[in-house]
Amino acid sequence: MTDSRTPPPLTGDELTVLNNWLEWHRATLAVKCAGLSDEQLRLRSAPPSTLSLLGLVRHMAHVERAWFRRVLNGEDIPKLWDKDRDNDADFNEVDTASVKEAFATWQDEIAHARAISAAKPLDAVGDRNGQDCTHRWILVHMIEEYARHNGHADLLRERIDGVTGE
């Protein structure tokens, strides 16, 4: 498994450190999925859970969209994967989901998030269900969200082919 991640810097201003940790975790999920077949990416963890690597990619695409585009940038755009109908559709519907589309959508949402993040100061405020939410908080939350799910991804990958790692 090729790992081309760049470790986050040990020094730097707050925005640089936060963005680099977020990029590290985005790249970590990609590393956990690298080299697997569509069937392996769809493999569920253990019943009754619907957790899979493909589900995690779909979920993180949704999370990137929700926090950066909907909350921080105030865009009135629909949720991904028909989550208004089934809040867990990103995980539940991987059997028929397009792997290519999921990864492309995830990368597209990351690109939007990067652009929005680059244009906003850390103290910029977005609206989350009527509550103020700062760009800084969103970045920290996204690092936490990826870190938690990357732990899941590590276990899923180990179950699939024995590969482990940071």
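A disulfide is a covalent bond between the sulfur atoms of two cysteines. In this predicted model, Cys33 has a relative accessibility of 5% and therefore counts as buried, the limit being under 20%. Cys133, at 6% relative accessibility, likewise counts as buried.

The interior was examined next. In soluble globular proteins, nonpolar side chains tend to be buried together. The largest nonpolar core comprises 41 residues, and the members that touch the most others are Leu29, Leu53, Phe68 and Met142. Two or more residues of this core are supplied by each of α1 (14–33), α3 (53–72), α4 (89–92), α5 (99–119) and α6 (135–161). Among these elements, α3 provides the largest share, with 11 residues. The surroundings of Met142 were also listed, with neighbours within four places in sequence left aside: Met142 is in contact with Leu22, Met60, Val63, Glu64, Trp67 and Phe68. One of these partners, Phe68, is itself named with Met142 among the core members that touch the most others.

Helix α3 also contributes to the largest pocket, where its 7 residues form the largest share of the lining. The volume of this pocket is about 430 Å³. Its lining consists of 17 residues, and those nearest the centre are His62, Ala66, Trp67, Lys79 and Arg128. The elements giving two or more residues to the lining are α3, α4 and β1 (125–128). Divided by class, the lining holds 8 charged, 5 nonpolar and 4 polar residues. Trp67, one of the residues nearest the pocket centre, is also a contact of Met142.

Several features of the backbone were then considered. Most residues other than glycine have a negative phi, and most peptide bonds are trans. The peptide bond between Pro47 and Pro48, however, is cis, with omega at about 5 degrees. Pro48 belongs to the loop that runs between α2 (38–42) and α3.

Positive phi values occur at two further loop positions. Trp81, a residue other than glycine, has a phi near 60 degrees and is placed in the loop between α3 and α4. Because its relative accessibility is 12%, Trp81 counts as buried. Asn129, in the loop between β1 and β2 (131–134), has a phi near 50 degrees, again a positive value in a residue other than glycine. With a relative accessibility of 71%, which is over the 50% limit, Asn129 therefore counts as exposed. Thus Trp81 is buried, whereas Asn129 is exposed.

Key:
Residues are numbered from 1 along each chain as its sequence is written. This is a predicted model: local features need pLDDT of at least 70, side-chain atom pairs count only at pLDDT 80 or more; totals for chains, interfaces and linings use all residues. Side-chain values use heavy atoms; hydrogens and water are left out. A nonpolar core is a set of buried Ala, Val, Leu, Ile, Met, Phe, Trp, Tyr and Cys residues joined through side-chain atoms within 4.5 Å. Buried means under 20% relative accessible area, exposed over 50%, partly exposed in between (1.4 Å probe, protein chains only). Helices (H or I, at least four residues) and strands (E, at least two) are DSSP runs, numbered from the N terminus. Contact means heavy atoms within 4.5 Å. On a 1 Å grid over the protein atoms alone, a cavity is a set of points where a 1.4 Å probe fits but cannot get out, and a pocket is an open set with protein on both sides within 12 Å along at least five of seven lines; lining residues have an atom within 4 Å of a point. Grid points are joined across faces, edges and corners, and a volume is the space filled by probe spheres set on the points. Ala, Val, Leu, Ile, Met, Phe, Trp, Tyr, Cys and Pro count as nonpolar, Asp, Glu, Lys and Arg as charged, and the others, Gly among them, as polar.
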